[in-house]
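Colleague: Could you take me through one part of this model, the main pocket, and what surrounds it?

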Amino acid sequence: MASDVHFGDDEGYRGLRRVLTYGTFDLLHYGHIRLLRRAAALGDYLVVALSTDEFNASKGKQSFYSYGVRKEMLEAIRYVDLVIPEESWEQKLSDIEKYQIDTVVMGADWADSPRFDYLRERCNLVFLDRTEGISTTDVKKELKE
């Protein structure tokens, strides 16, 4: 797995179809794995922008696991090539440019929202359905019961 990749300078990465997705990936479960596998299948190199603890707090969310632990778990998944921090909603265009992204993958729950339409000017935008029967919210509810 690559950790510090400089796409513009590295011949080995030229021509790869790069995919980027965003998420918190807290309480990692099979729905996350399936999403990452489907996202990875859209290209040759998968970048995951992982929400930092501070960004989650700004959204009113708190993860069970810290950013460092969630990053470690994602880096261990064979579909994931690079994990970067997601620190704000506004960073998407700079991520697309910096990592030379061809496709951004978002959850299908955003498909009817115009929130990310501006990304279509720079790359493909794909919405993937979530895995039926599993969500982090549901897992947290079951654990409380």
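Modeller: The largest pocket comes out at about 820 Å³; a pocket here is an open set of points on a 1 Å grid over the protein atoms alone, where a 1.4 Å probe fits, with protein on both sides within 12 Å along at least five of seven lines, and its volume is the space filled by probe spheres set on the points. Bear in mind that this is a predicted model: local features need pLDDT of at least 70 and side-chain atom pairs 80 or more, while totals for chains, interfaces and linings use all residues. Numbering starts from 1 along each chain, and side-chain values use heavy atoms, without hydrogens or water.

The lining (residues with an atom within 4 Å of a point) has 34 residues, with Gly23, Thr24, Phe25, Lys61 and Arg130 nearest the centre. By type, there are 10 nonpolar, 15 polar and nine charged, with Gly counted as polar. H5 (136-144) is among the elements giving at least two residues, alongside S1, H1, H2 and S4; H5 gives the most, four. Helices (H or I, at least four residues) and strands (E, at least two) are DSSP runs.

S1 and S4 also belong to an open, parallel sheet ordered S3-S2-S1-S4-S5, where pairing takes at least two DSSP bridges. S3 and S5 stand at the edges with a single partner each, so one side of each lacks a neighbour in the sheet. S1 (18-23) pairs with S4 (103-107) over three bridges, and Leu20 stands opposite Val104. H1 (30-40) packs on this sheet, touching S1, S2, S4 and S5, contact meaning heavy atoms within 4.5 Å.

Conventions
Axes fitted to C-alpha atoms, helices over the stretch in contact; angles between N-to-C directions.
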